[in-house]
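This report describes selected features of a single structure.

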Amino acid sequence: MTAVAFDTLRFVRTLREKAKMSPEQAEGLADAVSEAIQNDLATKTDIAMVRTDIEALRLSTKTDVEALRLSTKADLREAELRLEARIEATKGEIIKWVVGSIGFQALVIVGAVVALARGLH
């Protein structure tokens with residue numbers, strides 16, 4: 001752990017002279033402030049560890065995004081193929097219905113013509 005430039009002696013003197021604290025109070029407060037400063041500061045090692053963690057997270061996220069992109073492309077292609085197959089099947093059904101309707105209409109027309117011809121005789 002690196003030392004912080006905190007002059008505890010000067011801090012104690014200031015507390016005793018300006019705040020009129022007893023030497024024990026001033027020293028106790030100086031120790032508490034010094035300890036708090038030392039415990040809360042990040043060292044170069046701490047910062048390097050955080051940078052390493054951030055870089056690992058960045059690479060992991062990049063890999064996850066690329067995998068998702070590839071997965072999505074494959075899923076979209078599969079869905080597209082299924083949709084094309086359904087469209088083809090629907091086209092076949094429509095053609096059957098249209099041909100059937102035309103055939104039925106032709107039978108109705110022929111029947112009507114035959115009935116009309118018989119009625120006219």
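Which residues of H2 are buried?

## Helix H2: buried face

The structure is a predicted model. In H2, the buried residues are Ala-26, Ala-30 and Ser-34. When H2 is viewed down its axis, these buried residues fall within an arc of 60°, so they line one face of the helix. Helix H1 (8-18) is included in what covers the buried residues of H2.

## Helix H2: exposed side and length

Glu-24, Asp-31, Glu-35, Asn-39 and Asp-40 are exposed on the other side of H2.

Helix H2 spans residues 23-40, which makes 18 residues. From its first C-alpha to its last, H2 reaches 26 Å, close to the 26 Å expected at 1.5 Å a residue.

Helix H3 comprises residues 44-120, and Ile-94 lies within it. Together, Ile-94, Val-98 and Ile-102 make a nonpolar surface patch of about 270 Å².

Why does Ile-94 count as partly exposed? The relative accessibility of Ile-94 is 48%, and the partly exposed class lies between the buried limit of under 20% and the exposed limit of over 50%.

## Helix H3: Ile-87

Ile-87 is also found in helix H3. With a relative accessible area of 42%, Ile-87 is partly exposed. The C-alpha atoms of Ile-87 and Ile-54 are separated by 48 Å, and the two residues are 33 residues apart along the chain.

Key:
Residues numbered from 1 in each chain as written. Predicted model: local features only at pLDDT ≥ 70, side-chain atom pairs only at ≥ 80, totals over all residues. Heavy atoms only, no water. Patch = residues over 30% accessible without salt bridge, like charges linked within 9 Å, V, L, I, M, F, W, Y side chains within 5 Å. Areas by Shrake-Rupley, 256 points an atom, 1.4 Å probe, with all protein chains shown as cover. Salt bridge = Lys/Arg side-chain N within 4 Å of Asp/Glu carboxyl O. Helix = DSSP H or I, 4+ residues; strand = E, 2+ residues; numbered from the N terminus. Buried < 20%, exposed > 50% of the residue type's maximum accessible area, 1.4 Å probe, protein only. Expected span 1.5 Å × (residues − 1). Arc of directions from axis to C-beta. Contact = heavy atoms within 4.5 Å.
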